[in-house]
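Here is a short report on one structure.

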Amino acid sequence: MPGTCVIGLQWGDEAKGKLVDILTEKHDVVVRYQGGANAGHTVVSDGETWKLSLIPSGILRDNVTCVVTGGVVLDPASAIREIDMLESRGIKVADKLRLSDRAHVVFPWHVVEDGILNGSLSGGESIGTTGRGIGPCYRDKVGRSLAIRLGDLYRRDFRSTFDHIVKVKRRFLEASRPAGGDAIELDGDTIFNQYQEYAERLRDYVGETTNYLLDSVESGKPVLFEGAQGALLDIDHGTFPFVTSSNSSGVGVSSGSGVPGRWISRTIGVLKAYSTRVGGGPLPTEQDNNIGKHLQERGNEFGTVTQRPRRCGWFDAVATRYSARLSGADEFAVMLLDVLSELDELRICTGYRINGNVVNQFPSQIDDLKAAEPVYETLPGWNDDLTTVRNEADLPKNAIQYIDRIGELLGRPVTIVSVGPDRSQTIFRSGMTQPAQCPPNTQQERATV
Ligand code: GDP
Ligand code: IMO
Ligand code: MG
């Protein structure tokens, strides 16, 4: 069975990019199937750092095809910038990249709309989006009448469609202009010409991708699906309204790529060894204190896309058990374990106290999550620097106890441990590679939270 998925199980930035890059060595095709340039995936190899937003993190390896499917919202300027960056640094992109003609295109008005609407939740709260026009572009996709797909840019009648949409967008932007705010101009000719240029630049990469992927899996090619964001930011199953606008949990793989679940045999849930969140919304285990500072500084927790500081807190087993089940995780990769060194004690959240009751089920209502007070268990920490460790046998006993406790609470084994950003700083745990150690029907009983 050829499909492997890498899914972030928290609020994004779990180091999916690093893992995808490593796993690409054994895959022929790597696929981005949701999200867009809101993602920032980092790969570090031989002292060089690569930051990718739209192009799959597999692009750094030879002999791999990287596919961006119709489930992605594609900002052509971002895609071109990334292609240029890669080519200028010696990575060959031509012949390796395929962009779906079904992908919806992000236009400047989406970015403007994102800016206007971002702060307008009732009560004045902000989702704190990345400002990349993601939500407005997905909204136009679902609404259909104002949507433009990548393939449309090459149609002969595109100009008339474009002019119609610009006219409607002008009215919309005028109506949503904040009181006293400047008029928002949309220069149709300039935008049209710019997007014609983008279309020419991207022409060789654009085509059909659904059949390509189906042919790949049906012929037994190993395909790797690279999730963006994290399961708790999923539009349907995450911490709504503080979410992104796509299905960023494991349930989004098939809808975004067109590859049905029958072809997916392995789902790796990616977990940071603690919790982070960037943007708005509750983070129940947040540590607004020295612990939070330790995690932020040691983990260099600043957003890859927006450079915003990420909020940090203890590992949350209530939230991640939910997202692991939702995503069908067979096994876990625990990343950034090195960041926890030099803390006397470590805490794991095993329950939420909500309105006086302790619950272990992740709440569906945001008010309950906001009210949740974490119930913790405490484990001993370690002082050793983990960044030079390459074998499980060299990990401190307390570090092994910590990752095994995560596996136990979540009902699946931790098979991969990361102790630094570089490819080489990765431990594959021997004897832990068989997800069948925890058969699906025992997940509920095994989880003790
Ligand atoms: P992604 O969006 O899930 O791909 O994650 P990001 O790239 O946004 O954020 C993860 C950050 O952690 C990046 O700066 C990585 O280089 C870094 N990183 C990855 N693995 C490790 C690790 O094991 N230890 C440390 N200290 N940093 C890591
Ligand atoms: P990667 O793939 C972390 C967050 C934003 C905001 C919310 C909605 O690097 O893990 P959006 O711009 O998508 O409408 O913003 O989602 N967000 C991310 N947080 N990592 C990401 O991607 C994110 N992509 C979006 O901060 O709270
Ligand atoms: Mg990121």
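Which residues line the largest cavity?

## The cavity

Gly238, Thr239, Phe240, Phe362, Pro363, Ser364, Gln365, Ile366 and Leu369 line it. The model is predicted: local features need pLDDT of at least 70, side-chain atom pairs count only at pLDDT 80 or more, and totals for chains, interfaces and linings use all residues. Residues are numbered from 1 along each chain as its sequence is written, chains are lettered from A and ligands numbered from 1 in the order in which they are written, and side-chain values use heavy atoms, without hydrogens and water.

Rolling a probe the size of a water molecule over the atoms shows where empty space is left. On a 1 Å grid over the protein atoms alone, a cavity is a set of points where a 1.4 Å probe fits but cannot get out; lining residues have an atom within 4 Å of a point. A search of the whole structure finds one cavity of 30 Å³ or more. The largest cavity has a volume of about 30 Å³, the volume being the space filled by probe spheres set on the points, which are joined across faces, edges and corners. Its lining has five nonpolar, four polar and no charged residues. Here Ala, Val, Leu, Ile, Met, Phe, Trp, Tyr, Cys and Pro count as nonpolar, Asp, Glu, Lys and Arg as charged, and the others, Gly among them, as polar.

A pocket is an open set of grid points with protein on both sides within 12 Å along at least five of seven lines. The second largest pocket has a volume of about 580 Å³. It is lined by 28 residues, and Thr42, Gly299, Arg310, Leu336 and Pro421 are the closest to its centre. By class, the lining has eight nonpolar, ten polar and ten charged residues. Helices (H or I, at least four residues) and strands (E, at least two) are DSSP runs, numbered from the N terminus.

Ligand 1 sits in this pocket: more than half of its atoms lie within 2 Å of the grid points. Around ligand 1 are 19 residues, each with a heavy atom within 4 Å of the ligand. Lys16, Gly40, Thr42, Asp338 and Ser418 come nearest. Polar contacts (pairs of N or O atoms within 3.5 Å) include one of 2.8 Å from a ligand oxygen to a polar backbone atom of alanine 15. A polar side-chain atom of arginine 310 lies 3.3 Å from an oxygen atom of ligand 1. Taken alone, ligand 1 exposes 590 Å², and the protein buries 92% of that. These areas come from the Shrake-Rupley method with a 1.4 Å probe.

## Ligand 2

The shell around ligand 2 has 20 residues, with Asp13, Lys16, His41, Thr130 and Thr244 nearest. Seven are nonpolar, ten polar and three charged.

An oxygen atom of ligand 2 is 2.6 Å from a side-chain N or O atom of threonine 244. For a polar backbone atom of glycine 40, the distance to a ligand oxygen is 2.9 Å. For one of valine 278, it is 3.0 Å. Taken alone, ligand 2 exposes 550 Å², and the protein buries 98% of that.

## Two backbone exceptions

Most residues other than glycine have a negative phi, and most peptide bonds are trans. Alanine 15 has a positive phi of about 80°. Alanine 15 is in the loop between strand E1 (3-8) and H1.

The peptide bond from phenylalanine 240 to proline 241 is cis, with omega near 5°. Proline 241 lies in the loop between strand E10 (223-226) and helix H8 (252-257).

Key: A polar contact is a pair of N or O atoms within 3.5 Å; within protein, one must be able to donate a hydrogen and the other to accept it, and residues adjacent in sequence count only if both atoms are side-chain atoms.
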